[in-house]
Amino acid sequence: MDMEKVYNSEVIEEKWYKYWIENKTFSAKVDKSKKPFTIVIPPANVTGFLHMGHALNTTLQDVIIRFRKMQGYNTLWVPGIDHGGIATQIIVEKLLKKEGKTKYDLGREKFLEKIWQWRNETGDTILDQLKMIGCGLDWDRVAFTMDESRSKAVKKAFIQLFDKGLVYRGKRLVNWCPKCGTALSDVEVEYEDEKSNLWYIKYPLKDSDGYVIVATTRPETMLGDTAVAVNPDDERYAHLTGQILKLPLVNREIKIVSDHIVDKSFGTGAVKVTPAHDATDNEIAKRSNLETIEVIDINGKMINVPEKYKGLSVEEARKKVVKDLEKSGFLAKTEDYAHSVGRCYRCSAKIEPLMSNQWFLNIEEMSKRAIDAVNDGKTVFYPQSWKKPYILWLENLRDWCISRQIWWGHRIPVYYCVDEKGDITTNCRPIALFDKPVECPYCKGKNFVQDEDVLDTWFSSALWPISVFNWGEDENNEDLKYFYPTSVLATGHEIIYLWVARMLQFGLEFMKDVPYNDVFIHGIVRDKYGKKMSKSLGNVVDPRDIIEKYGADALRFALAQSANPGRDMQISEESFLAARNFANKIWNASRFIIINLEGIDKLDDKVEPIELADEWIISEFTNTASKVKAAYESYNIDTASREIYDFFWTKYCDWYIELSKIRMMSTDINAKKQVLSILVSILKSTLQLMSPIMPFITSEIWQILDNDVETIAESSLFVIPEHHNWESTFDKMKNIQDIIIKIRTLRSEMNISPAVQIESLFNVLDDNKENITKENESYIKQLAKISSIRFGKNIIRPDNSALAVAGGFEIFLPLKGLIDIEKERARLTKEITFAKQEAERTSLKLKNKDFIKKAPEFEVEKIKTRLNEASLKIEKINESLKFLG
């Protein structure tokens, strides 16, 4: 068995990903003899390049898929790309701008051809980059949200909703992005704090010299005010409700209305009401039957206002209105004020609430079903803390604005009957069909135009778990019946509302079942200071650079180890370096074992523990394997990573491999075979535990160990032995380890070379620990570099010797000519300080009546033991300090 001295991640990664693709390792077909385990990938935007968020999300999904595959499930992980809607259109428009053209120069059809050309040339970039990470996707099933099958699904869903009367068109207040030129749903608006002002404006009463002062952050919209509102419980304004005011600068008469939604503590407690440009004001207007006056258009320019303000931008109008208010004596005062401002999630432009004719989806019943599904446990959130915000959001959700005023996307499949002049016939209702109608069912007309708008990108995304299985073509096909509902959705918390909730709504609507059983929520990747990665801050870490420098397994392990479910994670260069070092440790330890297999014909089929170390490593592995399995199954992948790391590096390498060298260096071939059998058995099983997180290196080592069997990705996960009571083994081994650690610490502090073998005297303090220590003294000699051990009772401490109290012994190390008396005295002084602190802590705990009363008996005994040990330590150290003078 040949194994390169140094792990070459680049060569091995290329070899194994090529193998997985060529051999269709992760391709899946319906197999009713096996239970399916399905994941549909959150489709990355066609505009995207691999960033650390993608790397985290796909690594976690791949870990889950690989683990379940080894458990025997028929696993399927479906890859795909989202068409990106606004984001994609913006990119292609920028390319046209460089040519001095706009989309209008090309026209809709030619512009869409241009986008398809761009998509076909560059759109699969991120899928190719996912292969670098090692994603076990079924590449025969790549889906695109605007390919033929997905387009059929979108049309089918829309038409069904339309025919049920759930889709409707109406003029309502929407979130409008003037830069993108389209409406946005509520969840597509991102809010950020902005320093601004609060302007206090006098609104004169019509029939008296008095006035009402209102506070506002948007003085320019006052030109569209149709009322001033106060809270009915606000005694300051009780006498004014119903009275008429004169709107400053416009001189329009508006009335004072009352509404409980008004916050008495904001400003003066009186607020201006602009129904056409504020959601809260719009609700007040509905309840008070107020007029709606639009003063801002889709380009962010002022309309329906006095001539001097017409055509001004919002910012320009604000400055002029404030100036005119001040000049006319209507501005009472101005204060600094910080408030939350809505911005477009794509271009970051400020959102303008505008009245607009849009298509809406009534989601009231869908939301109720989506809430019930989670409350009933049909879909479970991991961690559970995300269940409450999900439900709260759905309970307060308004109808979904599903239309967008762009060209790239799923064009709404609604047709209007038009007359000979091309005007829409108002007597005929719109028709929703897959293709253009042949004849109008109302007037028998033959001429039609299709609605100009496209659907919100998230509409097609909401259908993803069913559309990838070709629901649009055949809702009873075998794939859909077998693989749906999917097993788990792994995604970041930032799209719970944009996507997770929408898929539940649509899954229950169209399939009468949830789209996934579990929702695994992870956080976002931040830099080591906790800041979000962004180009402007210069703290972006490119995963491709990390793979090139440290390897894909190092990238994956660092991300997995930091992925605390539901919480944002901090990561740095040091994280990847440490993960690369771990990969090297795996390689070097495996190589050591493989080198020692040379000359061994056949290992023992049955692994039998002979010594304490054998029993201990088997019990430690069993314990670790149980924890790792439970962690994988509950999506605590960070826990699984840390358990694997601790077991392999500390217990397997630092302890067991070192102890195994005693037998491997012996002339007894049977002893060597026996210990190698355990080493290889534990190594192979540990590689299986590691494989979901670090698939490349584990695949290579697995093949070197036994290239006649299936690859590790296709292997069946070992059966974890029944859990026995290993406490006795743990206790015995811990006793030996404590002694070795203490001696090593003494040697280090005394600066004694590891190459120097030294004698030792073990003064017995605990008879119960004497025999087990004697039986395993070879371990102490091997790992602590001790030439001889003399056991006895009442041994007098030799001159110039160092002392350690551990494992039921006073351990004397004669160091004549090696020990530094002053250094030893300082060390013991430090030790006795810690021992006194321990004695004080445990003593106080035992004096605590509540602790004695409520704590389990074994816990009380444990504290008593700690106190006794600390007291004994103090006593012995004091004696040593006296000895040193």
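**Close-up views of a predicted chain**

**View 1. Strand 1 meets strand 3.** P36 stands opposite N74 in strand 3. Here strand 1 pairs with strand 3 (residues 74-78) in the parallel sense, over five bridges. Strands are DSSP runs of E with at least two residues, numbered from the N terminus, and two of them pair if DSSP finds at least two bridges between them. Four of the five residues of strand 1 (residues 36-40) are buried, so this strand is largely enclosed by the rest of the structure. Buried means under 20% relative accessible area, with a 1.4 Å probe and protein chains only.

A note on reading these views: this is a predicted model, where local features need pLDDT of at least 70, side-chain atom pairs count only at pLDDT 80 or more, and totals for chains, interfaces and linings use all residues. Residues are numbered from 1 along each chain as its sequence is written, and side-chain values use heavy atoms, leaving out hydrogens and water.

**View 2. Strand 11 beside strand 12.** These two strands run antiparallel, and three bridges join strand 11 to strand 12 (residues 253-258). Look for I244: its bridge partner in strand 12 is K255.

**View 3. Stepping back to the whole chain.** The C-alpha atoms fill a box of roughly 110 × 65 × 55 Å, taken along the principal axes. Of the 885 residues of the chain, 54% count as buried.

Note on methods
Buried < 20%, exposed > 50% of the residue type's maximum accessible area, 1.4 Å probe, protein only.
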